[in-house]
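Subject: Structure handover

My notes on what was found in it follow.

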Amino acid sequence: MVDQHIVRQFDEELDEMRAVIAQMGGLVEQQMANAIAAIGRRDDALARRCQEADAEIDAMEDKIEALTLRMLALRQPVALDLRAILAALKIAHDLERMGDYATNVAKRASALAQLPEVGPINGIVRMGRLTHSVIKDVLDSYSEPNVDKAVAAWNRDQEIDQMYTSLFRELLTYMMEDPRNITPCAHLLFVAKNIERIGDHATNIAETVYFQEMGTRLEGLRPKGDRTSYAVVEPPEPDAAP
Amino acid sequence: MMSNTTQATAAAPAAAPIHSVDEPRGGDPRPATATAVKIKARDVNVYYGDKHALKHVDLDINENEVTALIGPSGCGKSTFLRCLNRMNDVIDSCRVVGDITLDEADIYDPSLDVVQLRARVGMVFQKPNPFPKSIYDNVAYGPRIHGLAHNKADIDDIVRQSLERAGLLKEVHDRLDQPGTGLSGGQQQRLCIARAIAVNPEVILMDEPCSALDPIATARIEELIDELRENFTIVIVTHSMQQAARVSQRTAFFHLGDLVEVGNTEQIFTNPKDSRTQGYITGRFG
């Protein structure tokens, strides 16, 4: 099938929309990398720059909203065009949330820089790097576009969740060991939670890429590795449910 | 397959899938639901002299549904529409091969009365074409020649009812004796629809019924089509894809004489299976 629309301006608008998403994705990736680096290096200056950069991501979401609204109103898109426009709208929203979470991580980094160093920081940095690589794969799967890559990234969220669960346990032991660890560890707990949420939004994007390309929902349950809800208590019996 | 069915009945009724993903490529000519089939076309071929205009078309038209036929000019959609009430008979060079049945009866049966067939399968054309007669006589003409009414009161009833069903009575009730050609374009088209339904057909064929009308008149006709669906089976040829999306339950896409894809309208416009359908409806060269 030929990819060009008869109305060339429509193609230009779709290209612009994809370009803004790519740019926005790049910023979120950068934001994420900086926030994690700020935690690892106890770098308050980097953390502050990171917090300021969030406004740019928000502005890009507004831009995507304006672009997609315009195309829906003026082009009456159908089929793959309609799916691409809806996908951009959803992905922009996910990216904006990811940017917010990364900013939260940066805020915690500023606080942590002023507190005594605790052990599990390395674990947080590892989790952040893993999540960063999932984000990268998901964004690649959008720009190529590549459904297999999207599905593979979607499955990797499980690793992030598992890492989150083990970090949660680890942080608990540090807090039990010495009450002076509680303040930095509580911050790290929130950081881990924020990174885990970023991973969830990345899987949303993978699902959206799948829908955009295939026209159907990604089947099956999302792999769940987050067991922190039951970290210190027993989960209910599975057969107790009706 | 059988075990699935048993399971499904035992468990709570499953929600209908949004997209019929399991439809084979190119679509399934049979209806997705258990709706009754009104017209069945099998291996229909049409030739204009040497030109093979329509190739091996299999299509079911469901009762009380609107089926939209879309495709670029010269794709065969109007040719197919005209096969359904044998309007192609009047074109000398035209030859129709294949089976078309209306309620399981062959409409190309030599013993069949074509006039009766066209009373059962009415037609509305692109340009409103009222007779140069009064509004009343335009509608009364069909019932009179088909002997559907025995006295003036019967005819009056049919005329009023048909105009009412076509959504025109309110606008013309005090000037039924005035010429139909004096109405606006949209009113004339609704008069033609009233004329078509006056003989109580089962199927109404519409060949681009709105292409000569403004958007308001178009919206009225579309609303009317949706109301008429309750009592009639409707097949509409349209160049406006938005119109096909708005009024029809099933859409069939024709290209270069082939029926490329047929499916539920929602599926065709959100997730078409064939790249030619995708190319056409999204405004790419396909």
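Helix packing in chain A

Helix 4 and helix 7 of chain A are roughly antiparallel to each other, because the angle between them falls in that class (under 35 degrees counts as roughly parallel, over 145 as roughly antiparallel, 65 to 115 as roughly perpendicular and the rest as oblique). This is a predicted model, in which local features need pLDDT of at least 70 and side-chain atom pairs count only at pLDDT 80 or more, while totals for chains, interfaces and linings use all residues. Residues are numbered from 1 along each chain as its sequence is written, chains are lettered from A and ligands numbered from 1 in the order in which they are written, and side-chain values use heavy atoms, with hydrogens and water left out.

Helices here are DSSP runs of H or I with at least four residues, strands are runs of E with at least two, and both are numbered from the N terminus. The axes of helix 4 and helix 7 of chain A cross at roughly 170° and come within 9 Å; axes are lines fitted to C-alpha atoms, for helices over the stretch in contact, and angles run from 0 to 180 degrees between N-to-C directions. Their crossing is left-handed, a term for a near helix turned anticlockwise from the far one by less than a right angle (right-handed if clockwise). The contact of helix 4 with helix 7 of chain A has 21 nonpolar, seven polar and seven charged residues. In these classes Ala, Val, Leu, Ile, Met, Phe, Trp, Tyr, Cys and Pro are nonpolar, Asp, Glu, Lys and Arg are charged, and the others, Gly among them, are polar.

Helix 6 (residues 147–177) and helix 7 (residues 182–214) of chain A pack with their axes 9 Å apart, at an angle of about 165°. That angle makes helix 6 of chain A roughly antiparallel to helix 7 of chain A, and the crossing is left-handed. Their contact has 21 nonpolar, two polar and seven charged residues.

For helix 2 (residues 44–52) and helix 4 of chain A, the axes come within 8 Å and cross at roughly 155°.

Backbone points in chain A

Most residues other than glycine have a negative phi, and most peptide bonds are trans. A:Ala79 is not a glycine, yet has a positive phi of about 50°; its place is in helix 4 (residues 79–113) of chain A. The peptide bond from A:Glu144 to A:Pro145 is cis, with omega near -25°. A:Pro145 lies in the loop between helix 5 (121–143) and helix 6 of chain A.

Strands in chain B

Strand 1 (residues 37–48) and strand 2 (residues 51–62) of chain B run antiparallel and are joined by eight bridges; two strands pair if DSSP finds at least two bridges between them. B:Tyr48 has B:Lys51 in strand 2 of chain B as its bridge partner. The hairpin of these strands has two residues between them, and B:Gly49 takes a positive phi near 60° there. Strand 1 of chain B also pairs with strand 4 (residues 94–102) of chain B, in the antiparallel sense, over eight bridges. B:Tyr47 stands opposite B:Arg95 in strand 4 of chain B.
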